[in-house]
Amino acid sequence: MASSEPIVKFHAVSKRYGKGPLVLDGINLEMAPGDFVSFIGPSGCGKSTVLKLVAGLNPWTTGEVSVAGTTPRRARDRQAFIFQDATLLPWLTTQQNVELPLKLRGAPVPERVAKAREMLELVGLDKVSAYYPRQLSGGMKMRVSLARALTLAPQLLLLDEPFGALDEMTRFRLNEELLALRTNSSFTAMFVTHSVAEAVFLSNRIVVMSANPGRFHAEVRVDFPYPRRAELRERPEFQSKVNEVSHLLHQVEEAVRA
Amino acid sequence: MKKVPPIMLWVLPLLSGLLFVAIWYGVRLGSGLQSWILPTPMEILEAAWRERARLLAAAGNTAWGAFGGFLLAAIMGFLTSLLLGVSKSLRSGLYPWLLVLQMTPVIVLTPIIVLWAGPGMPGIITVTWLISYFPIVVNTTQGLLSTDMNHVALFRMCNASRWQEMIYLRVPSAMPFFLAGLRIAATLAPIGAIFGEYMVGNSSGGSGGLGFLVYSYNTQIKIPALFATGLTSCLLGFVFVAAVALLNWAVLHQWHDSFERNEH
């Protein structure tokens, strides 16, 4: 990166929906290019809202959010959003689904066909390109969703509990694949999850949030070098990181209950 | 629900049909009613055979009227829904008047339509259109407005224009709703055409439809033939419904969950 200017910056941001209670309060965040930041916390802590503000899907109430030095909306073409369900269009084949962002951008047909094929190969799904989404398993759908998001080579990938509905085996494998994809297209990532182990495995920074209103409770740095492999999960230092984050999460959840 | 073996899907309606016919004969024989009040199924079939040329020609005419009105309703219904789907103010501005149109009984409107459009095909098509238009509009508009919010967010993230969102997202996701509207309209269209013909009387060129036959058989007290006309209308209705079911299958079977093979 030419400059070390933050790719995502929150300055004293708060958010409420309509006249409702504060969802986010006093959020400050700076993300450097290449960061992989996970957000974890009890439900209702506003972690998904953080992503939506960055995506420009919702406005914030006070403070300032900037993405790549500009407003979230203007920076949209540098971002991609991955939702909890794969949000594939059921009437399009796998191939057509992956082509969609390029199609909407008006890319010529040969270009988008080739690019989609390349991305499907990258996630190991080139053999099912003619299938419709309902013929795919949950894990496959999520891979297609990843492939689709990466067609536009985003600088910033926003992932809202993307693997939450998958079984643990599939989730582990997709975690590994997600990191592998990052060696090719070096995106910065914001990742919302409920799983501490997932957050520790993927991120170099973990933000633990508290609820009502959503605040940043603590930040944990995870310094295991990339590329990370599956074996990392079995190492004691991984386990102690998981314990550290779990401990913080317990503090937060007790505060919610109190 | 307990699973019904596939063969029973044929056997059961056949059994209930046979039972119904048996009761029919029983009532006829037991009551001593005459043929011109309650003809037997056999007498109806005989009448149908005797009148086959007129019935077939009439069914053909009715089919054209019904098809014309149905097509018009499908096209106009779709376009109206696009208008209603695009803008909330158009929706609130137009919807009450669509309701007024639907609430006014067709039986009141038909003489007015005949007065304006004249007797014959134009009037019949207009009546058919009137009766099948509303369910298509309501269903399709509902479909255009029930797009998955995450899909909309996906399109926003891709900086899609409203136009792209409409044709690549809202219209395809409304397809099952549109087709459901067509299915209802397909049952209504032949009824609309026959009703139109009945009200219009003899249509142009001296060849009437089934509705005209109803009128003429009734005045001639040819009751078995009247029943036979009912049977023919029913068959025509089935053709319409089957055609739309086929269209529904062709559009949806590859991707829509309603065609999911039950493997669990």
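**Strand pairing, helix packing and the chain contact**

Q: In this predicted model, what is the bridge partner of A:Arg205 in β9(A)?
A: The bridge partner of A:Arg205 in β9(A) is A:Arg221, and that applies to a model that is predicted.

Q: And in which sense do β8(A) and β9(A) pair, and over how many bridges?
A: Strand β8 of chain A, residues 205–210, and strand β9 of chain A, residues 215–221, pair in the antiparallel sense over 6 bridges. The two strands β8(A) and β9(A) form a hairpin with 4 residues between them, and in that turn A:Asn212 has a positive phi of about 55°.

Q: Switching to helices, at what angle do α2 and α3 of chain A pack?
A: Helix α2 of chain A (residues 94–104) and helix α3 of chain A (residues 109–122) pack at an angle of about 125°, with their axes 9 Å apart. That angle makes α2(A) oblique to α3(A), and the crossing of α2(A) and α3(A) is right-handed.

Q: Which residues make the contact?
A: On the α2(A) side they include A:Val98 and A:Leu102, while on the α3(A) side they include A:Val113, A:Ala116 and A:Met119. By class, the contact of α2(A) with α3(A) has 6 nonpolar, 2 polar and 5 charged residues.

Q: OK, now the two chains: how many residues does the contact take from each?
A: The contact takes 18 residues from chain A and 16 residues from chain B.

Q: Which element of chain B gives the most to the side that touches chain A?
A: On that side α7(B) gives the most, with 6 residues. By class, the side of chain B that touches chain A has 7 nonpolar, 6 polar and 3 charged residues.

Methods: Residues are numbered from 1 along each chain as its sequence is written. Chains are lettered from A and ligands numbered from 1 in the order in which they are written. This is a predicted model: local features need pLDDT of at least 70, side-chain atom pairs count only at pLDDT 80 or more; totals for chains, interfaces and linings use all residues. Axes are lines fitted to C-alpha atoms, for helices over the stretch in contact, and angles run from 0 to 180 degrees between N-to-C directions. Angles under 35 degrees count as roughly parallel, over 145 as roughly antiparallel, 65 to 115 as roughly perpendicular and the rest as oblique. A crossing is left-handed if the near helix is turned anticlockwise from the far one by less than a right angle, and right-handed if clockwise. Two residues are in contact if their C-beta atoms, placed from the backbone, lie within 7 Å. Ala, Val, Leu, Ile, Met, Phe, Trp, Tyr, Cys and Pro count as nonpolar, Asp, Glu, Lys and Arg as charged, and the others, Gly among them, as polar. Two strands pair if DSSP finds at least two bridges between them.
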